Amino acid sequence: SGKHNKLNNSTINAYETAVVIGENESMLALDNTVVNGGMKADTPSPDDKIISTVNIECDGSALTLKGDSVINVKDGGVAITVDGSDNAVVLKGNAIVNGKMEASGDRNILDLDGTGKDGMNMHHDISGFEKMAIDNNVTFFEDMKVTGTNEVTVEGTGVLNLRLKKD
């Protein structure tokens with residue numbers, strides 16, 4: 001927690017939650033960093049919260065993943081949980097989130113900037129982010145759902161691709 005925190009070229013491993021942002025108006029940037037956690041994802045914590053790899057548990061904070069950063073969680077688990085209001089999750093470049101992203105609270109934002117070589121591919125459910133911004137090349141695949149989003153903005157240089165499946 002705190003402002004202007006950065007972690008570069010690192011690996012974080014945890015059985016439960018690997019990263020917690022717990023102080024209001026905190027900022028964390030992960031660049032070329034791999035975060036593994038949430039292996040205990042099926043079991044709620046003592047306060048009945050589902051254990052995810054990264055938790056934002058405050059208001060007005062920001063998490064930025066850039067470069068070749070990856071967040072991993074147990075298959076079907078929640079990779080990023082945002083509890084609180086006015087928070088931002090920003091994915092840039094080749095950033096990958098291998099799991100669901102869930103937000104509760106008000107005015108939370110998800111910013112997807114697919115500047116990587118092949119753009120950004122989203123395969124896991126996204127829920128609860130009131131606003132979503134798309135820049136460059138982002139693809140939502142047919143195996144994922146987006147719920148709870150009220151506004152999607154595709155920036156001037158943005159392309160949002162939707163892959164659909166036929167039943």
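**Asking how we know**

Reply: Happy to! Let's start at Asp86, which sits in the loop between β9 (78–83) and β10 (88–92). Please keep in mind that this is a predicted model.

Me: Why is Asp86 called partly exposed?
Reply: Its relative accessibility is 37%. Buried would need a value under 20% and exposed a value over 50%, so Asp86 falls in between and counts as partly exposed.

Me: What makes the phi of Asp86 worth a remark?
Reply: Phi of Asp86 is positive, about 60°, although Asp86 is not a glycine. Most residues other than glycine have a negative phi.

Me: Where is His4, and what is its phi?
Reply: His4 belongs to the segment before β1 (5–8). Its phi is near 60°, a positive value in a residue other than glycine.

Me: How do you know whether His4 is buried or exposed?
Reply: Compare the value with the cut-off: exposed means over 50%. His4 has 62% relative accessibility, so it counts as exposed.

Me: Now for a loop residue: why is Asn108 called buried?
Reply: Asn108 lies in the loop between β12 (100–104) and β13 (109–114). Its relative accessibility is 0%, and buried means under 20%, so Asn108 counts as buried.

Me: Which residues does Asn108 touch?
Reply: Leaving out residues up to four places away in sequence, Asn108 touches Val82, Gly84, Ser85, Asp86, Asn87, Ala103, Phe129, Glu130 and Lys131.

Me: How far is Asn108 from Thr64?
Reply: Their C-alpha atoms are separated by 14 Å, and the two residues are 44 residues apart along the chain.

Me: What makes Val97 a buried residue?
Reply: Val97 is found in strand β11 (residues 96–98). With 9% relative accessibility set against the limit of under 20%, Val97 counts as buried. Beyond residues up to four places away in sequence, Val97 touches Leu65, Ile71, Ala79, Ile80, Leu91 and His124. For Val97 and Ala79, 18 residues apart along the chain, the C-alpha separation is 6.8 Å.

Me: And how do you know that Thr139 and Asn161 make a polar contact?
Reply: A polar contact needs a pair of N or O atoms within 3.5 Å, one able to donate a hydrogen and the other to accept it. The side chains of Thr139 and Asn161 are joined by such a contact of 3.2 Å. Thr139 has its place in strand β16 (residues 131–140). Its relative accessible area is 11%, and under 20% means buried, so Thr139 is buried. Setting aside neighbours within four places in sequence, Thr139 is in contact with Met120, Asn121, Met122, Asn161 and Arg163.

Me: Stepping back, how do you know that the radius of gyration of the protein chain agrees with a compact globule?
Reply: For 167 residues, a compact globule would have a radius of gyration near 15 Å; the protein chain has 15 Å, so the two agree. Its C-alpha atoms fill a box of roughly 40 × 40 × 30 Å along the principal axes.

Me: Which elements build the chain, and what share of it is buried?
Reply: The protein chain has 19 strands and zero helices. Buried residues make up 42% of its 167 residues.

Notes
Residues are numbered from 1 along each chain as its sequence is written. This is a predicted model: local features need pLDDT of at least 70, side-chain atom pairs count only at pLDDT 80 or more; totals for chains, interfaces and linings use all residues. Side-chain values use heavy atoms; hydrogens and water are left out. Helices (H or I, at least four residues) and strands (E, at least two) are DSSP runs, numbered from the N terminus. The radius of gyration is taken over C-alpha atoms; the globule rule is 2.2 Å times the number of residues to the power 0.38. Buried means under 20% relative accessible area, exposed over 50%, partly exposed in between (1.4 Å probe, protein chains only). Contact means heavy atoms within 4.5 Å.
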